[in-house]
Amino acid sequence: MTYYISTTLQASFEDALARTEQALSEEGFGVVTRIDMRETLKQKLGVDFRAYTILGACNPQAAFEALQIEDKVGTMLPCNVVVQQQGENEVEVAAIDPLASMQAIDNGKLKAAAEDIRTKLSRVIRALGG
């Protein structure tokens with residue numbers, strides 16, 4: 001089992017980022033964190049890096065339900081979605097596979113909830129062209 005679901009878009013980085021946020025919104029996710037790794041690595045290490053943004057996506061209802069099932073699951077929230085430049089007008093979008101990340105937790109109810117989120121994230125990736 002891979003630990004992510006991905007697709008590659010023929011688009012500018014900015015367009016791919018906007019399309020990803022829109023697709024997440026349409027599946028009930030909000031972006032609660034945004035990390036610009038290019039900027040962070042430049043500031044902290046003085047190195048140049050490709051356009052690479054990590055979006056922390058959260059479906060509030062699903063997060064609430066998961067926290068009621070397993071209170072330490074917050075260590076695995078939110079669901080990270082990476083948007084990264086691969087080449088000229090080529091951008092990869094990759095989302096964590098929640099089933100893979102939840103394997104360490106032996107809780108059938110939580111696995112069922114992770115399956116639901118995996119379905120939603122898979123629809124996001126498919127909507128982008130994957």
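At the start of helix H2, which spans residues 37-45, a side-chain oxygen of Asp36 comes to within 3.1 Å of the backbone nitrogen of Arg38; helices here are DSSP runs of H or I with at least four residues, strands are runs of E with at least two, and both are numbered from the N terminus. After H2 comes Gly46, whose phi is positive, near 70°. This is a predicted model, in which local features need pLDDT of at least 70 and side-chain atom pairs count only at pLDDT 80 or more, while totals for chains, interfaces and linings use all residues. Residues are numbered from 1 along each chain as its sequence is written, and side-chain values use heavy atoms, with hydrogens and water left out.

The largest nonpolar core has 24 residues, of which Leu24, Val81, Val83, Val93 and Leu121 touch the most other members; such a core is a set of buried Ala, Val, Leu, Ile, Met, Phe, Trp, Tyr and Cys residues joined through side-chain atoms within 4.5 Å. Two or more residues of this core come from each of strand S1 (4-9), helix H1 (13-26), strand S3 (52-58), strand S4 (79-87), strand S5 (90-96) and helix H5 (108-128). When residues up to four places away in sequence are not counted, the contacts of Val93 (heavy atoms within 4.5 Å) include Ile5, Leu9, Thr20, Val81, Ile125 and Leu128. A second, separate core has 7 residues, among them Ala66, Leu99, Met102 and Ile105.

A search of the whole structure finds 1 cavity of 30 Å³ or more, where a cavity is a set of points, on a 1 Å grid over the protein atoms alone, at which a 1.4 Å probe fits but cannot get out, and lining residues have an atom within 4 Å of a point. The largest cavity has a volume of about 210 Å³, a volume being the space filled by probe spheres set on the points, which are joined across faces, edges and corners. Of the 20 residues lining the largest cavity, Ala66, Leu77, Cys79, Met102 and Ile117 are the closest to its centre, and H5 gives the most to the lining, with 4 residues.

Aromatic pairs have ring centres within 6.5 Å, with planes under 30 degrees apart counted as stacked, over 60 as edge-to-face and the rest as tilted; the whole structure holds 2 of them. The rings of Tyr3 and Tyr4 have centres 5.0 Å apart and planes at 75°, so this pair is edge-to-face. The rings of Phe49 and Tyr52 have centres 5.8 Å apart and planes at 55°, so their pair is tilted. Tyr52 is buried, at 19% relative accessible area, whereas Phe49 is partly exposed, at 31%; buried means under 20%, exposed over 50% and partly exposed in between, with a 1.4 Å probe and protein chains only.

Methods. Phe/Tyr/Trp six-rings, centres within 6.5 Å; stacked < 30°, edge-to-face > 60°. Polar contact = N/O pair within 3.5 Å; in protein donor to acceptor, adjacent residues only side chain to side chain. 1 Å grid on protein atoms, 1.4 Å probe; cavity = no way out; pocket = protein on both sides within 12 Å on 5 of 7 lines; lining within 4 Å.
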